[in-house]
Amino acid sequence: MTRPPGPTGDDTVRFSVLGPVRVWRGREELLVGPKQQRLALGVLLARAGRPVSMNEFTQLLWDGDPPASATNSVHRYVGALRRLLEPGLPARSPGRWLARKAGGYLMHVDADCLDLLEFRALVERARHRSAAGDPAAAVDLFFTALSLWQDRCAADLEPASGGHPAFVMIDHEYVSVVCEAAEAASRCDRTAAMLLPLRQAVERNPLDEALVAHLLAALSADGKQAEAVTVYLEVRRRLADELGVDPGPELRAAHARLLRRPPVAPDGAGAGEAGPGRTHSSPPPIPAPVRPAQLPADLPGFTGRDAALRQAAALAGSRDGALRVLAVDGIPGIGKTTLAVHFAHRVARDFPDGQLYADLRGFAPDGDPLEPGDVLAGFLDALGVAPHRVPASTERRSALYRSVLAGRRVLVVLDNAWDTHQVRPLLPGTPECMVVVTSRGRLTGLASAHGARLLTLDVPSAEEAAESFLARVRGCRPGLDAHQVRPIVDRCGRLPLALAIVAARAAAQPERTLAQIEAELSDSGRNLDGFSDDNLDNDVRAVFSWSYRTLGPPAARLFRLLPLHPGPDATVTALASLAGTPPTETAAAVGELVRARLLTVRQRDRYRAHDLVLGYASELCGLSGAERAAALSRLHDHYRRTAQAANLLLRARDREADVPAPPPDGVCPAPLPDASAALDWFVAERPVLRAVVESAAAHGDVRAARELAVSMQLFQQRLGWWHDWAATMRCVLRAARGAGDAEGAAHACRGLAGARCYLGDLDGALRCLERARLGFERLGLDEELAQVLNNIGTVHYARGEYDLALRHQERALGLLRAGTRRHQEAVVSVEAGKTRLRLGDTVAAVRLATAAGRTFRGLGDPNGEASTLALLARVHHANGEYDRSAALHEQAIALARRIGSLVNVVTELLELGDARLAAGDGAGARRAWAEALEHGDRAGLPVSAEARARLDRLGARATVSGREDGAEGPEALEAARP
């Protein structure tokens, strides 16, 4: 069979109302919320692009008795739906999906995203084919349209949806189309092909006589006259019991035709068209029930996977009237087949009519995936259907397969599926059956069209992996415990296939110690020799190769480049730079790798590969040394340029600063529209950036390592990630010294000093700054020297050496006033103002703060504005104007929150508490310090200790004073003052 391409996007939104109301974004089903919110979405979808009035909303949601607040509630539900469908949509912005219209709302949907409109489009095409004289094509289109129905319209919202016109009319539309399809089928002798849709329609509308009449004809055409008679008698009984009426003329006529009609074979040949050995009077033989038992043997000593087994058991135990389908996906070697077979054995007793199994060879080492028609032929044979009764086409085989399984409790295991199209014809049509499917790809289509439960397997936990290994070797290596095998488990990356191979080797070679086996795995580095076995045709290297062979050239090339990426995960733009290809082309290749399960989606636009998958990619040939070097250079440049752009968004840039040069060909920096996006990018890429700095340094690209590390400093400082800051700067310093890069070493010393200062190592910070000062002085770089002098002044200030601090700050200002760096001059002015205040010169402090504030406002730098507000707040505090001081601290906190500077927020909260306390507001002080403690503890900031100490002093004095109501007396306030 051919391998159809799967979806490449991750954020397509799709809706379903033909059954339960459901929403998916890409491969993830969204939780719509409470029932009233689901009702609101349901009626919007049922109206399919037409407006829903506010009155219709309120009547539906409150069953005709809306409260006074109903309109506001509807607005709230619609707002929640907006945020669900478009999480990044700004408030009061027009959205893609929901719009105000005629005093109500409408949903912008089309046939590509809503099953109802897709159903109507298919029906319209079927009617055109029927009018054109091609009823066979019309039947196929009708059948496809009807397969979109999973239950009644908005079935999960009953009883509210059961009486509402929007939903009822759609259900009537469904019944009408089923009858129309059955009539088209009768015109081309394909009445039996409509048996499944007719069964489902009659089950949902058991007293609709037109539907039942068509069902009788279909059953008769399929050789099920006895069942047809039974159906008629049951409907006649129910009409009499429930409605007190007899069947109408249409149903009576269908029954009469049924009684007059000679038996017909299921393949469409009438009894009068007797084949060899058959007579006109003998009906086709009815096969005796056969109980297949095709499951492979269960794995002895299966352990772990408790959560996955619980999910599977919950689905097996459900009785909601729908076919139970469990679709298990995961990377090669993750244990999908093992889990599916083990689970099937556990529940086999619940399916007394048999178990069917087929390896669909979706990722087989040779050949194409199995055709569904061939699998159906095997299943029908196993179910006792004579070969001459098996139709030629896949569609008719599938219909016969569903008919044979009707009313039977059979478990079907479909292993190693390629895609949903391969699986769909193999699904039974009865809820008594259950299907377990395994695939490397995530079978989203089964979830959207058939309500399948999707279960993605990840590597087992360390404890589960160790127990699995022990279970395999315990017989020949008694006395082992989980701690002893943990190094081997870690070397295997907890991949079940790798664990099984190494455990088999350990069991077969008991004379070798575990340490020797672990050393062998360690020595092999990133190649997979340690996970190979000449006696196995499905070792780790082999199963990865089966996925690799399915890739097109661009995806295969990107896969070979993946080991060059040093971080734990990567985005499409990073991979585009690695490959030197446009993002759209790269996204297609990434989608292909995800479908082959050589990449795994970690979260939105972040992808990772298992360590052993990367090991396999490293072994593949095809990359020259020059190509590898160029790819690494593009990758380093991607992160360097994106970090520089993000850094400029987080800080005000001097007007005189150079505009960054455009990136070279093949480099695709991440798009960052604003400071919020820049901060989000830094947070998401935090572990990757540190790894890229180390990679660039290790490959001799000292400039990229240094510029990237410098661009990360402000982000690391604001979020309190000071250990990361120190580690990256130490790495750059080693690389710069090794390369003889004096300027790079000076920058690294300055950066390392900043991290040490925040970590409380003031002496170490001062030593680093002195080395940086000497370096910049020798190089004649006055602006960089001014920054270092200011930093030295900051350290002396922190040590209480205010005269020394001011001396360095004044020297820095002298260097800057001769240049053009107004922003840097303003920064140093604030620091000098703090020192002047400590020396008692409040007039100079105000002058410096005022001048710096004008500069920051002109440059649009909220961080700088916050620093000037904080300095002025301290001046007012020193002058005894505590309320004014507190107000300025609150303004500084608001600005710090806006730019995401957690450290500044905590620092200002401490000083706000001091101002509140000085003003006699102990409760206000407590609130500020408690918030500072909460933020500081959550981020692991050392400054939170100061907040805790203040709160402890305040609480201790309040207790001694005998005040237990939270009010602090004068003694408590005095004791808490820092």
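Two strands are taken to pair if DSSP finds at least two bridges between them. On this basis, in the predicted model, three strands form an open sheet in the order 1-2-3, with antiparallel pairing. From one strand to the next, the twist averages 30°. Strands of a sheet pair through backbone hydrogen bonds, either parallel or antiparallel.

The antiparallel pairing of strand 2 (residues 22-25) with strand 3 extends over three bridges. Within this pairing, V23 has L30 of strand 3 as its bridge partner. Helix 3 (residues 70-85) lies across strand 1, strand 2 and strand 3, and runs at about 35° to strand 2.

Helix 38 spans residues 882-899 and comprises 18 residues. The distance from its first C-alpha to its last is 26 Å, close to the 26 Å expected at 1.5 Å a residue. Buried positions in helix 38 are S885, A886, L888, H889, A892, I893, L895, A896 and I899. An α-helix has 3.6 residues a turn, so residues three or four places apart point the same way. The cover over the buried residues of helix 38 includes helix 27 (675-684) and helix 29 (702-719), together with helix 37 (862-878) and helix 39 (902-918). Helix 38 is followed by G900, which has a positive phi near 75°.

How values were computed:
Residues are numbered from 1 along each chain as its sequence is written. This is a predicted model: local features need pLDDT of at least 70, side-chain atom pairs count only at pLDDT 80 or more; totals for chains, interfaces and linings use all residues. Side-chain values use heavy atoms; hydrogens and water are left out. Helices (H or I, at least four residues) and strands (E, at least two) are DSSP runs, numbered from the N terminus. The expected span of a helix is 1.5 Å times one less than its number of residues. Buried means under 20% relative accessible area, exposed over 50%, partly exposed in between (1.4 Å probe, protein chains only). Contact means heavy atoms within 4.5 Å. Axes are lines fitted to C-alpha atoms, for helices over the stretch in contact, and angles run from 0 to 180 degrees between N-to-C directions.
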